[in-house]
Amino acid sequence: MCALCSLWWTKYNINTHWYLEQRDVNAYTFLLQSISFFVIFHNTIPVSYVYIEVVRFLQDWFINNDIDMYQEESNTPARVRSHNLNVELAKVKYIFSDKTGTLTKNVMELKHCSIAGELYLEGSQNKMINNSINHSTKIYILDFLRIMSVCHTVIPEKSKLTDEIVYNASSPDEQALVIGSQQFGFTFHTRCSTSVTITTLNGEETYEILNIIEFTNSRKRMSVIVRAPDGQIKLFCKGADTGIIKRLSKSGEKYKHQSLMHLNDFARSGYRTLCFAYKNISESFYNRWKDEYLNASTVLINRESAKNKVAEKIEKKLTLIGVTAIENKLQDNVPKTIQALMCAAIKIWILTGDKEETALNIGFSTTLITQDSSIIIFNESNLTDLRHTINQKIYNLGLTVETMNCTLIISGRLLKHALSSDLKMKFLKLCLDCKSVICYRISPTQKAEIVDLVTKYTNEVTLAIGDGANDVPMLHNASIGVGVVGLDGLQAYNASDYSIAQFNYLLKLLFVHGAWNYEKITKMIYFYHYKTVIFNSLQLWFAIYSGWSGEVLFDRWNIFMYKSLFTVSLPFVVGLFLTTYSTETRLKWPQLYYQTQNVFSLKMFWIWILNALFHSLLLFWLCLFIMRHEVIWTKGRVGDYSVFGNVIYTCTLVIVCFKAGLHIQSWSLIVHLAIWVSILLWISFIIAYKIQRTLSSDTMIKKNGNLEK
């Protein structure tokens with residue numbers, strides 16, 4: 001455009017300016033002028049991504065060293081592994097959370113148990129080992145305690161400090177059961193490669209370990225096959241009620257009804273529940289099964305599936321012996337954190353493998369479900385009924401405000417049908433309209449599928465948080481994965497984008513660091529374009545004034561130093577120290593979180609650009625008006641256009657520095673240094689540059705004089 005204007009000016013004005021070189025108006029001249037103006041304006045091209053990467057790196061440092069997100073007990077600070085997601089932390093709309101170890105402490109304690117239909121509450125040790133109990137019940141109690149002491153994969157170790165036995169377990173449940181059995185005189189203390197030894201009320205007993213059928217999420221149970229001290233082969237099994245009850249024999253269901261009543265009471269109280277069962281195995285049957293299981297263990301393709309099929313053959317016709325209730329307390333400030341997240345217009349989904357009653361209790365205890373909440377529970381037996389119920393709920397609730405205060409609860413079994421049929425979109429829309437969703441009895445694969453589906457369908461920023469290895473697929477499928485340090489290992493912690501020690505640290509990660517990062521980088525981008533446009537548009541106004549000649553207003557060194565030295569620190573201080581609200585204010589008012597999401601907009605971007613153009617317009621024409629007679633020194637010395645350029649340069653630099661300071665609320669020492677040093681550097685540079693030019697000129701004069709002589 002400037003090149004075309006140059007041709008137009010040359011054609012109609014060159015004759016009135018006799019002192020200028022005559023130029024032809026042709027394509028060659030247009031090409032030369034295009035190249036000239038490209039050289040002049042090429043600095044307008046922004047390279048703000050360099051600043052963004054540096055600022056993101058420094059923002060990581062702030063998160064990693066935040067003392068409020070450091071847990072002293074475990075010596076665990078917050079960690080950032082994906083700094084390119086720092087801005088996304090301010091845009092989260094959905095949070096998917098695991099329960100055990102994420103919302104709870106994962107420090108488990110055996111509270112109650114039910115043996116042979118008889119309830120034993122906490123503190124009833126004397127009742128369980130009382131000699132007045134009838135013989136058959138006492139046998140059940142002793143067998144129950146043996147299963148607790150033997151059916152596990154715990155490894156005992158002696159503490160170097162106290163010589164007490166310390167249990168290393170892959171699961172906190174197993175550790176709680178082993179420690180709980182000690183209260184009743186059954187102590188597990190030795191594990192060899194082929195046996196375990198326990199101390200009972202009658203002395204030591206050693207059980208030969210024949211096979212261990214490990215727990216998996218699909219099986220929901222684990223079993224050990226042992227040879228008892230009397231030579232009898234036994235199978236001890238523990239697991240979820242869904243994995244045990246349907247494998248009972250007719251005679252083994254004697255205490256089923258009463259045990260399930262107690263189990264449901266435990267679940268409604270928020271406890272984790274486990275069922276315990278056993279069976280006697282004949283020597284001949286075990287030998288045949290052992291060979292079959294060994295063959296399945298050597299299969300190269302689908303080995304786990306083959307082993308599970310063989311395990312099914314021996315894990316049947318069991319005798320139910322009892323159930324346990326294990327307490328897993330909530331982490332500190334979890335209800336407060338959930339409330340704050342919902343006040344910030346974030347929808348919470350809890351994905352857990354526990355029973356419906358336990359999941360419902362967690363909903364109430366975390367305030368995800370309140371007294372004024374309406375609850376939609378799907379417990380249909382088939383797909384047809386599920387389809388009818390979903391259509392009915394959508395028809396009754398529609399898209400009214402009532403759905404926004406509604407919690408939807410569904411099992412993993414029904415969720416599988418709902419997301420694999422023609423109901424998929426309807427059901428998903430119903431879930432998204434609810435303020436919260438609780439999915440119980442759900443597998444890790446289903447967790448990952450749900451997170452992936454919501455992320456792709458809504459196109460919103462989703463956050464998944466978990467602590468175990470089974471949560472890793474869910475963390476990878478979410479926009480942001482947050483790992484919590486848990487007792488189950490560091491798989492989730494190491495595989496996540498962000499790592500924290502407790503669930504309640506999520507508030508500061510999102511509300512403070514996330515909102516600050518987004519606001520700072522947005523304002524930094526605005527300011528970077530502002531300082532670029534205000535400087536380079538001066539060249540446009542000078543082109544108009546100079547007849548579109550293609551002359552440069554500033555010295556080439558001044559142009560280079562503007563971006564690389566004099567204003568290089570200003571975007572950084574804007575991107576690091578600009579804060580509109582303090583930490584305390586943002587944590588106190590969660591509503592500020594979703595208000596911050598509107599910081600960036602094209603409208604605001606163009607306001608900054610127009611502001612830059614307006615400022616450059618004023619700077620150029622006011623300076624031109626002041627220097628219109630060219631005499632700016634008191635002694636009458638005349639300044640040329642390079643002096644005019646330096647005056648505009650100085651004014652522009654001061655305005656840009658003050659513009660940065662105007663948008664920074666906290667003037668720390670670093671901000672002062674960035675602003676005042678930028679101005680002082682320019683003054684020092686222009687003085688040194690003038691001295692250097694003068695010395696060079698004097699040297700040239702001397703050389704010319706010597707040549708004349």
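Mentor: What follows starts with the salt bridges, moves through some loops, and ends at a few helices.

Two notes come first. This is a predicted model, in which local features need pLDDT of at least 70 and side-chain atom pairs count only at pLDDT 80 or more, while totals for chains, interfaces and linings use all residues. Residues are numbered from 1 along each chain as its sequence is written, and side-chain values use heavy atoms, with hydrogens and water left out.

Let's begin with the charged pairs. Side chains of opposite charge can pair when their charged atoms come close. A search of the whole structure finds 28 salt bridges, each one a side-chain nitrogen of Lys or Arg within 4 Å of a carboxyl oxygen of Asp or Glu.

One of these salt bridges joins K447 to D471, with their closest N and O atoms 3.1 Å apart. The two partners sit in distant parts of the chain, 24 residues apart: K447 belongs to helix α16, and D471 to the loop between β18 (461–466) and α17 (472–477). Helices (H or I, at least four residues) and strands (E, at least two) are DSSP runs, numbered from the N terminus. Both K447 and D471 are buried, where buried means under 20% relative accessible area, exposed over 50%, and partly exposed in between (1.4 Å probe, protein chains only).

Another pair is R227 and E208, whose closest N and O atoms are 3.5 Å apart.

In the pair of K111 and E109, the closest N and O atoms are 3.9 Å apart. Here K111 is buried, at a relative accessible area of 13%, whereas E109 is partly exposed at 38%. Salt bridges also join up into a network, linking R219, R221, R247, E312 and E315.

Now for the loops, starting with backbone angles. A116 has a phi near 55°, which is a positive value in a residue other than glycine. You will find A116 in the loop between β3 (104–115) and β4 (118–120), where its 13% relative accessibility makes it buried. R441 is another non-glycine residue with positive phi, near 50°. The loop that holds R441 runs between β17 (436–440) and α16 (444–458), the helix that carries K447. R441 is buried as well, with a relative accessible area of 17%.

S82 sits between β1 (79–80) and β2 (92–98) and is buried at 15% relative accessibility. Apart from its neighbours within four places in sequence, S82 is in contact (heavy atoms within 4.5 Å) with D497 and Y498. S249 is placed between α7 (241–244) and α8 (256–268), and is buried with a relative accessible area of 13%. If residues up to four places away in sequence are not counted, S249 touches K317, L318 and T319. From S249 to L430 it is 181 residues in sequence and 41 Å in space, C-alpha to C-alpha. S282, in the loop between β12 (272–281) and α9 (283–297), counts as partly exposed at 39% relative accessibility. S282 and N646 are separated by 364 residues in sequence and by 100 Å in space, C-alpha to C-alpha.

Finally, the helices. Helix α19 (residues 505–545) packs with α20 at an angle of about 175°, and their axes are 12 Å apart. Axes are lines fitted to C-alpha atoms, for helices over the stretch in contact, with angles from 0 to 180 degrees between N-to-C directions. The two helices, α19 and α20, are therefore roughly antiparallel; that label applies over 145 degrees, with under 35 roughly parallel, 65 to 115 roughly perpendicular and the rest oblique. On the α19 side, Y528, K531, T532, I534, F535 and Q539 meet I559, Y562 and K563 of α20. L565 also belongs to α20 (residues 556–566), and L565 is partly exposed at 31% relative accessibility. Helix α21 (residues 570–577) has six of its eight residues buried, so α21 is largely enclosed by the rest of the structure. Those buried residues of α21 are L570, P571, V573, V574, G575 and L576.
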